[in-house]
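Subject: Structure handover

Hello,

Here is the structure we talked about. Please load it first, then read the notes below.

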Amino acid sequence: MRNGLLTRGILWLGTLLFPALPPLQAAHDLAKQPLTVAADDAFSTLPLLVETQFTLPPADSYQIIVANQNKAQPWHWEIYTTPSGELEVYLPGFQPAVIAAGIPVADGREHAAAMRLTAQGIVLSVDGREV
């Protein structure tokens with residue numbers, strides 16, 4: 001098992017993954033300190049639901065919001081923004097491996113994203129809308 005590293009923004013992980021933490025207590029300012037969450041088989045098991053609320057500044061580089069394992073691991077996945085600020089999901093081993101939302105979210109405002117991954121496919125939502 002590997003730890004997941006959360007690297008930027010303000011992040012809240014839904015109570016599905018952290019049932020003991022109310023959402024307000026799970027907020028963490030990642031600009032001040034990256035957050036590592038203990039590895040859990042739930043991050044690598046289908047069905048998987050990842051919900052985040054975050055605020056990201058504009059940037060000209062990739063910003064990882066939340067990820068599971070490192071890129072060499074078989075159950076790696078990540079939710080991130082591109083250098084243009086648009087939200088994407090990377091799922092190596094799945095087809096397609098990159099799901100592009102086409103919605104800019106690195107703009108200094110609060111946003112929400114959800115990724116539902118099942119054996120049938122993925123559903124990505126940004127600010128409550130499926131993309």
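Start at the hairpin. β7 and β8 form it, with 4 residues between them. Gly85 sits in the turn and has a positive phi of about 90 degrees. Keep in mind that this is a predicted model.

Two of the facing pairs: Thr81 stands opposite Leu87, and Tyr80 stands opposite Glu88.

Now the other neighbour of β7. Strand β6 (residues 63-68) runs antiparallel to β7, and 5 bridges join them. Here Asn68 has Trp77 as its bridge partner.

Put together, this gives an open sheet of 4 strands in the order β6-β7-β8-β9, with antiparallel pairing. β6 and β9 are the edge strands, each pairing on one side only. From one strand to the next, the twist averages 15 degrees.

How many residues of β7 are buried? In this strand (residues 77-81), 5 of 5 are. Both faces are covered. Side chains in a regular strand alternate between the two faces of the sheet. In β7, one side holds Trp77, Ile79 and Thr81; the other holds Glu78 and Tyr80.

Last, the core. The largest nonpolar core has 22 residues. Val50, Phe54, Trp77, Ile79, Leu87, Val89 and Met115 touch the most other members. At least two core residues come from each of β5 (48-55), β6, β7, β8, β9 (98-104), β10 (110-118) and β11 (121-126).

Best regards

Technical notes: Residues numbered from 1 in each chain as written. Predicted model: local features only at pLDDT ≥ 70, side-chain atom pairs only at ≥ 80, totals over all residues. Heavy atoms only, no water. Buried < 20%, exposed > 50% of the residue type's maximum accessible area, 1.4 Å probe, protein only. Pairing = 2+ DSSP bridges. Core = buried A, V, L, I, M, F, W, Y, C linked by side-chain atoms within 4.5 Å. Axes fitted to C-alpha atoms, helices over the stretch in contact; angles between N-to-C directions.
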